[in-house]
Amino acid sequence: MGDTRSPARIEEAQHRKAEVLRLRRRGVAFQEIGDRLGITKQGAHKIWKTAMNEIVADEVTTYRAEQLERLDVLLLKANEVLERHHITVSNGRVVTLDGEPLQDAGPLLDAIKTVLDIETRRAKLLGLDTPVKQQLQTEQTITYAFEGVDLNSLR
């Protein structure tokens, strides 16, 4: 849902936010900021806190995008290793089996592990592995035993 305020009110709010941030960076107290802008100390603090949350959210979005791009490059490299033909070499000589070069599974397995690690990191960045909340219900009976107490005297 869009902002229903007039363009002039939106511009005024943006100016006020910029001024709160500017004054706060200079170390001005919230009470003084409020006094200068004709708002309460609490109002100045709320504007500052909202602005700081927006900045952090923007930085997180930028960081996440940069990391995803980096993971894409790494994934391409790992896939290149997966597609290559790897032969086993021992003491500088190609190992053969029935006259054919023996495939070396080591680089292939390492590349598979790398791909899985990249995909795990991607899932974490995107929040795909967030645990599902589960509710457990059990039926239990609790029995209390009172020793040395006459229950009839409690009635």
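Asp-117 and Lys-113 both lie in helix α4, four residues apart, which is about one turn of the helix. Helices here are DSSP runs of H or I with at least four residues, numbered from the N terminus. This is a predicted model, in which local features need pLDDT of at least 70 and side-chain atom pairs count only at pLDDT 80 or more, while totals for chains, interfaces and linings use all residues. Residues are numbered from 1 along each chain as its sequence is written, and side-chain values use heavy atoms, with hydrogens and water left out.

- Side chains of opposite charge can pair when their charged atoms come close.
- A salt bridge is a side-chain nitrogen of Lys or Arg within 4 Å of a carboxyl oxygen of Asp or Glu, and by this rule the count comes to seven.
- Asp-117 and Lys-113 form one of them, with 3.1 Å between the closest N and O atoms.
- Asp-117 is partly exposed, at 41% relative accessibility; buried means under 20% relative accessible area, exposed over 50%, and partly exposed in between (1.4 Å probe, protein chains only).
- In helix α1, Glu-19 and Arg-22 are three residues apart, about one turn of the helix, and the closest N and O atoms of their salt bridge are 2.6 Å apart.
- Glu-19 is buried, with a relative accessible area of 19%, whereas Arg-22 is partly exposed at 34%.

**A salt bridge between helices**

- Asp-72 and Arg-122 meet through their side chains in a salt bridge of 2.9 Å, N to O.
- This pair links distant parts of the chain, since Asp-72 is in helix α3 and Arg-122 is in helix α4 (residues 105-126), 50 residues apart.
- Asp-72 is partly exposed, with a relative accessible area of 37%, but Arg-122 counts as buried at 15%.

**The largest pocket**

- A pocket is an open set of points on a 1 Å grid over the protein atoms alone, where a 1.4 Å probe fits, with protein on both sides within 12 Å along at least five of seven lines; lining residues have an atom within 4 Å of a point.
- The largest pocket holds about 240 Å³ of space, a volume being the space filled by probe spheres set on the points, which are joined across faces, edges and corners.
- Helices α1 (7-25) and α3 (41-83) each supply at least two lining residues, and α1 gives the most, with six.
- Among the lining residues are Arg-5, Glu-12, Lys-17, Ile-47 and Glu-54.
- The lining divides into three nonpolar, two polar and six charged residues; Ala, Val, Leu, Ile, Met, Phe, Trp, Tyr, Cys and Pro count as nonpolar, Asp, Glu, Lys and Arg as charged, and the others, Gly among them, as polar.
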